Amino acid sequence: EDYNDCSSRYEKALKQRNELLKTEIVTDASLFSWNLLLAKYGTKIYQYRRELVNEINQKLNDVYHSIADNNDQIKLDYKTEVEDITENKYLKLLENSLDRDRRIEHTSFGVHKDDFIFQFNGCEADGSASRGETRSIILALKFIEAAIIQSKTNQKPIVLLDDVFSELDESRRR
């Protein structure tokens, strides 16, 4: 199963579990099959994401420096609650969150809560990087994304960028 399959199956199970949480009578037993699917696909999604973030981080500074022509340090952080846990541990954490999930009527634990945060010279880029630096980070990410797609499909992707240069200085435009 590839990432898209896992993500699709996870989202379907999450939707079903959340629908059950909105009913008046919800039990551990009624959620068990959905919890199993969330645990199975959630751990796989985590693995895929972790590998992708590692691959991006191996290239990110070099690509960014080729655009920005400076020594700023860029890193992509993957924020998750499920780091390096087994399916069984994932399942237990879902079961342990049942009371809270009943109250809020949705699933409060899982990879659907994950986030990706860019670090810029050791600080969160959101708030510390200028608009031009942020655009340069995004442009570097797009170049890396295109290279990853090409390596996996053996086809060069077409990348459409709308007004990407408007907030870049002259050297970055070149």
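Serine 128 touches Phe120, Cys123 and Glu133, leaving out residues up to four places away in sequence. Keep in mind that this is a predicted model.

**Serine 128**
- You'll find serine 128 in helix α5, which covers residues 125-128.
- A polar atom of the serine 128 side chain sits 2.6 Å from the backbone oxygen of glutamate 124.

**Serine 97**
- Serine 97 is in the loop between α3 and α4 (98-104).
- With a relative accessible area of 10%, serine 97 is under the 20% cut-off and therefore buried.
- Its side chain also has a polar atom 2.9 Å from a backbone oxygen, here that of leucine 94.
- Setting aside residues up to four places away in sequence, serine 97 is in touch with Arg17, Ser108 and Phe109.

**Helix α3**
- Tyr90, Leu91 and Leu94 are buried in α3.
- Looking down the helix axis, the buried residues of α3 fall within an arc of 100°, so they line one face of the helix.
- Those buried residues pack against α1, α2 and α4.
- On the face turned away from the buried side, α3 carries the exposed residues Asn88, Lys92 and Asn96.
- Tyrosine 90 has quite a contact list once its neighbours within four places in sequence are left aside: Tyr10, Leu38, Ala39, Gly42, Thr43, Val82, Ile85, Phe109, Gly110 and Val111.

**Nonpolar core**
- The largest nonpolar core holds 35 residues, and Tyr10 and Tyr90 are the ones with the most contacts inside it.
- At least two residues of this core come from each of α1 (3-21), α2 (28-68), β1 (74-79), α3 (87-96), β2 (115-120) and α6 (131-153).
- The biggest giver is α2, with twelve residues in this core.

**Largest pocket**
- The largest pocket has about 630 Å³ of space.
- Its lining counts 19 residues, and the closest to the pocket centre are Tyr3, Tyr48, Leu52, Ile148 and Lys152.
- The elements giving two or more residues to that lining are α1, α2 and α6.

Note on methods: Residues are numbered from 1 along each chain as its sequence is written. This is a predicted model: local features need pLDDT of at least 70, side-chain atom pairs count only at pLDDT 80 or more; totals for chains, interfaces and linings use all residues. Side-chain values use heavy atoms; hydrogens and water are left out. A nonpolar core is a set of buried Ala, Val, Leu, Ile, Met, Phe, Trp, Tyr and Cys residues joined through side-chain atoms within 4.5 Å. Buried means under 20% relative accessible area, exposed over 50%, partly exposed in between (1.4 Å probe, protein chains only). Helices (H or I, at least four residues) and strands (E, at least two) are DSSP runs, numbered from the N terminus. Contact means heavy atoms within 4.5 Å. A polar contact is a pair of N or O atoms within 3.5 Å; within protein, one must be able to donate a hydrogen and the other to accept it, and residues adjacent in sequence count only if both atoms are side-chain atoms. The arc is that of the directions from the helix axis to the C-beta atoms. On a 1 Å grid over the protein atoms alone, a cavity is a set of points where a 1.4 Å probe fits but cannot get out, and a pocket is an open set with protein on both sides within 12 Å along at least five of seven lines; lining residues have an atom within 4 Å of a point. Grid points are joined across faces, edges and corners, and a volume is the space filled by probe spheres set on the points.
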